[in-house]
Amino acid sequence: MSIKISFTASQRPEAQEALQRLSRQYGQYSEEEAEVIVALGGDGSMLNAMRRRFDDRKPVYGMNRGTVGFLMNDYVEDKLVERLNRAEKAMLVPLRMVATDVHGEHFERLAINEVSLFRETAQSAKLRIRVDGNERMSELTCDGIMVATPAGSTAYNLSAHGPILPIGANLLALTPVSAFRPRRWRGALLRHDARVEFEIVEPNRRPVSAAADNQEVRDIAKVIVTEDRSKPLTMLFDPGHALDERILREQFSF
């Protein structure tokens, strides 16, 4: 069964070459006409392709033509239509970040992997943390902190020694980055529907930025993070290489 495919690629030479070869072999439709989006590149290309799907919710299938390809399938040119027809689905629910800067301006962004906060200067960040309206930490001194989805738990969250979350676990990882006080705090596991609020202590003296994946807002005073179940996304994986299996394998790597 034929499928209308829209290929999208990063600027890497190998991704651009693959774009030309696959477009000639399978045809190239616009993203509006296509039934499935095929992203060529690394995980950054996959995330960019996924972000454009918040409204139309078309499935995205990635093939690795970049450096980091945890979210990607192997690059194979033959029998692509058959692979798409047999692909397994992974449903992802993004996070909604509502950030307020020191001037009172509000910014809303969606994140597939994580919402993160980072200090902007040599001064450590000082954060107050509330979960579902209850204060859980009056002051955390750190380089930063993040709320990661299961799909994002193997990305920057893992580098910061956060837990790996299986897809479908209905959990979020709250992970500090270089916590200074309290030094022994390693983060928390939260329900997927938790409302997490960060208040910046001394935001003018200790400026902090916030990012929904790679969408940054600087000089923030407060950030609220919630799950947005109205914007589900679908990723496609070859049988036996689905995202939940990759995450499980990652937990046993060393």
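Reader: Which residues are linked with Arg-128 in a network of salt bridges?

Author: This is a predicted model, in which local features need pLDDT of at least 70 and side-chain atom pairs count only at pLDDT 80 or more, while totals for chains, interfaces and linings use all residues. Residues are numbered from 1 along each chain as its sequence is written, and side-chain values use heavy atoms, with hydrogens and water left out. A salt bridge is a side-chain nitrogen of Lys or Arg within 4 Å of a carboxyl oxygen of Asp or Glu. Linked with Arg-128 in such a network are Arg-130, Glu-135, Arg-195, Glu-197 and Glu-199.

Reader: How many salt bridges does the structure hold?

Author: Side chains of opposite charge can pair when their charged atoms come close. Counted over the structure, the salt bridges number 23.

Reader: How many residues apart in sequence are the parts that Asp-238 and Arg-83 tie together?

Author: Asp-238 forms a salt bridge with Arg-83, and their closest N and O atoms are 2.8 Å apart. Asp-238 lies in the loop between β17 (233-237) and α5 (243-251), whereas Arg-83 belongs to helix α3 (residues 80-86). Helices (H or I, at least four residues) and strands (E, at least two) are DSSP runs, numbered from the N terminus. The pair therefore ties together parts whose separation in sequence is 155 residues.

Reader: Is Arg-53 buried or exposed?

Author: Arg-53 forms a salt bridge with Asp-56, the closest N and O atoms being 2.8 Å apart. Buried means under 20% relative accessible area, exposed over 50%, and partly exposed in between (1.4 Å probe, protein chains only). Asp-56, at 35%, is partly exposed. Arg-53 has a relative accessibility of 2% and therefore counts as buried.

Reader: What is the relative accessible area of Arg-218?

Author: Arg-218 forms a salt bridge with Glu-120, with the closest N and O atoms 3.4 Å apart. Glu-120 counts as partly exposed at 21% relative accessibility. Arg-218 is also partly exposed, and its relative accessible area is 44%.

Reader: Why is helix α2 largely enclosed by the rest of the structure, and which elements are included in what covers its buried residues?

Author: Helix α2 (residues 43-51) is largely enclosed because 7 of its 9 residues are buried. Among these buried residues are Met-46, Leu-47 and Met-50. What covers the buried residues of α2 includes β1 (5-9), β2 (36-41), β3 (60-64), β4 (88-92), β15 and β17.

Reader: Which residue in β2 does Ala-9 stand opposite?

Author: β1 and β2 pair in the parallel sense over 5 bridges. In β2, the residue opposite Ala-9 is Leu-40.

Reader: Which residues does Phe-180 touch, not counting those up to four places away in sequence?

Author: Phe-180 is found in the loop between β11 (171-177) and β12 (188-191). Phe-180 and Cys-142 are 38 residues apart in sequence, yet 5.3 Å apart in space, C-alpha to C-alpha. Contact means heavy atoms within 4.5 Å. Not counting residues up to four places away in sequence, Phe-180 touches Thr-141 and Cys-142.

How values were computed:
Two strands pair if DSSP finds at least two bridges between them.
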